[in-house]
Amino acid sequence: GGEVSFSALEHGTKEDFELMTQAYCNATTGQKLGGRALDMLLALKGDEFKLSAKVDLYEHGLQTATRALHDNADEETVVCALLHDIGELLSPSNHGEVAAGILRPYVSPQNWWMLAHHEVFQGYYYYHHMGGDRNTRDLYRSSPHFQATAHFCQSYDQPSFDPTFKSEKLDVFVPMVNRVFSRKPYFFDPTHPKACAVVGGT
């Protein structure tokens, strides 16, 4: 409980920010953050979100995550697979960066890069049918994350529009999502300039 004394951040005191930080921490537990991300996935369920494909974007996420899980990918990669397209109907041509931005503090730099660029790597499978160059992904050939992203798209993402595929239920993935969002933000780089933002680096 309680309320800060200021109406502008520049007038806040140490006690004010300690109070706000605790309130933010209470509102942003791993379970709550994970639940909000999963709500974005669930919002892509239904015929409206098939977009002429054989499965909706919700099922596509489940299939992608199931393929990663069955391939013995690490838990973080499975969560990225589940959530990789949650921004598709918010920013279609840049939807990877939506998921990447949400997950960035909680996943490795490699998986962040993969999420942010996967649209271009998916283009290998269809750009040439749309007047584009399927090898556009080669612009990123020098990236240390190129092969991991190509593997993600080839093995998990591009085949996951199959109505006959048996996906794991969402309940299988919920604990994984919650564990990833329970990580210390920017755990991979404690000196990151955003590590202390809002929740005080806790």
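Biologist: At what angle do helix 3 (residues 57–70) and helix 8 (residues 170–181) pack, and how far apart are their axes?

Modeller: In this predicted model, where local features need pLDDT of at least 70, side-chain atom pairs count only at pLDDT 80 or more, and totals for chains, interfaces and linings use all residues, residues are numbered from 1 along each chain as its sequence is written. Side-chain values use heavy atoms, with hydrogens and water left out. Helix 3 and helix 8 pack at an angle of about 70 degrees, and their axes are 11 Å apart; axes are lines fitted to C-alpha atoms, for helices over the stretch in contact, and angles run from 0 to 180 degrees between N-to-C directions.

Biologist: Why is a particular word used for how helix 3 and helix 8 lie to each other?

Modeller: Angles under 35 degrees count as roughly parallel, over 145 as roughly antiparallel, 65 to 115 as roughly perpendicular and the rest as oblique. The angle of helix 3 with helix 8 is about 70 degrees, and the two helices are therefore roughly perpendicular to each other. On the side of helix 3 the contact is made by Tyr58, Leu62, Ala65, Thr66 and Leu69, and on the side of helix 8 by Leu170, Val172, Phe173 and Met176, where contact means heavy atoms within 4.5 Å.

Biologist: How many nonpolar, polar and charged residues does the contact of helix 3 with helix 8 have?

Modeller: The contact has eight nonpolar residues, one polar residue and no charged residues, given that Ala, Val, Leu, Ile, Met, Phe, Trp, Tyr, Cys and Pro count as nonpolar, Asp, Glu, Lys and Arg as charged, and the others, Gly among them, as polar.

Biologist: How do you know that the span of helix 8 agrees with its number of residues?

Modeller: The expected span of a helix is 1.5 Å times one less than its number of residues, and for the 12 residues of helix 8 this should be 16 Å, which agrees with end C-alpha atoms that are 16 Å apart. Helix 2 (residues 30–42) has 13 residues and reaches 18 Å from its first C-alpha to its last, close to the 18 Å expected.

Biologist: Which residues of helix 2 are buried?

Modeller: Gly30, Leu33, Gly34, Ala37, Leu38 and Leu41 of helix 2 are buried, where buried means under 20% relative accessible area, exposed over 50%, and partly exposed in between (1.4 Å probe, protein chains only). These residues cover an arc of only 135 degrees around the axis, which puts them on the same side of helix 2; the arc is that of the directions from the helix axis to the C-beta atoms. The buried residues of helix 2 pack against helix 3, helix 4 (75–83) and helix 8.

Biologist: Against which helices do the buried residues of helix 8 pack?

Modeller: They pack against helix 2, helix 3, helix 4 and helix 5 (95–103), and the buried residues of helix 8 include Leu170, Phe173, Met176 and Phe181.

Biologist: What makes Gln63 count as buried, and with which residues is Gln63 in contact?

Modeller: Gln63, in helix 3, has 0% relative accessibility and therefore counts as buried. Leaving aside its neighbours within four places in sequence, Gln63 is in contact with Val55, Pro159, Ser160, Phe161, Asp162, Pro163, Phe165 and Ser167.

Biologist: How far apart in space are Val120 and Tyr140, C-alpha to C-alpha?

Modeller: Val120 and Tyr140 are 9.5 Å apart in space and 20 residues apart in sequence. Val120 belongs to helix 6 (residues 109–122) and, at 17% relative accessibility, counts as buried.

Terms used: Helices (H or I, at least four residues) and strands (E, at least two) are DSSP runs, numbered from the N terminus.
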